[in-house]
Amino acid sequence: MTDPHPRRRVLFVEDEPALRFSYERYFRNRYELAFAASGAEAMTQLGAATPDVLVLDMRLPDTDGVDLLRRVRETHPALPVFITTAYVSMEPRLRVLDLAFDGMGTSSVQIKAGKLIPLAITSATRNPVLPNVPTMAEAGLPGYEVRTWY
């Protein structure tokens, strides 16, 4: 019998074991999970089965997340991608703007713990959840605003 509500498959590309463990604990009851610890492993898994969503870390041991995202877009142009990063610099973030992706998120828990440092948000006003994070204009990029990532 076919499940009328199959669970969506999420592929997490993350090399940090602690984050993989956290993702698994938080999402295992809601989604079918797959994990890749490197870009090569991610491309192998994408070749075997396409997930419904890809969660991509920007820092991987064998490749830059931007380069991996480019390769993913070549083979899976419509795959929704959510980017996570602990980069402090804006440069890698700005390099992905010409690539289609659906979100660049950070965990407020990790931000509040000081493990991630958000540089700016892309809306015109500060986010009430993280009121100390400046807007892009306040961070030195006036006129830059994105409400939804595509």
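Reader: With which residue does Glu32 form a salt bridge, and how far apart are the closest N and O atoms?

Author: This is a predicted model, and in it Glu32 forms a salt bridge with Arg9, their closest N and O atoms being 3.8 Å apart. Glu32 belongs to strand β2 and Arg9 to strand β1, so the pair ties together parts that are 23 residues apart in sequence. Glu32 is partly exposed, with a relative accessible area of 40%, whereas Arg9 has a relative accessible area of 15% and is buried.

A search of the whole structure finds 2 salt bridges. Arg70 and Asp67 also form one, with 3.5 Å between the closest N and O atoms. Because these two residues are 3 residues apart in helix α3, about one helical turn separates Arg70 and Asp67. Arg70 is partly exposed at 31% relative accessible area, and Asp67 is partly exposed at 35%.

Helix α3 also holds Arg73, which counts as buried at 13% relative accessibility. A polar atom of the Arg73 side chain lies 2.9 Å from the backbone oxygen of His76, and one lies 2.8 Å from the backbone oxygen of Leu79.

Beyond its neighbours within four places in sequence, Val72 is in contact with Met43, Leu46, Leu54, Pro77 and Leu79.

Key. Residues numbered from 1 in each chain as written. Predicted model: local features only at pLDDT ≥ 70, side-chain atom pairs only at ≥ 80, totals over all residues. Heavy atoms only, no water. Contact = heavy atoms within 4.5 Å. Helix = DSSP H or I, 4+ residues; strand = E, 2+ residues; numbered from the N terminus. Buried < 20%, exposed > 50% of the residue type's maximum accessible area, 1.4 Å probe, protein only. Polar contact = N/O pair within 3.5 Å; in protein donor to acceptor, adjacent residues only side chain to side chain. Salt bridge = Lys/Arg side-chain N within 4 Å of Asp/Glu carboxyl O.
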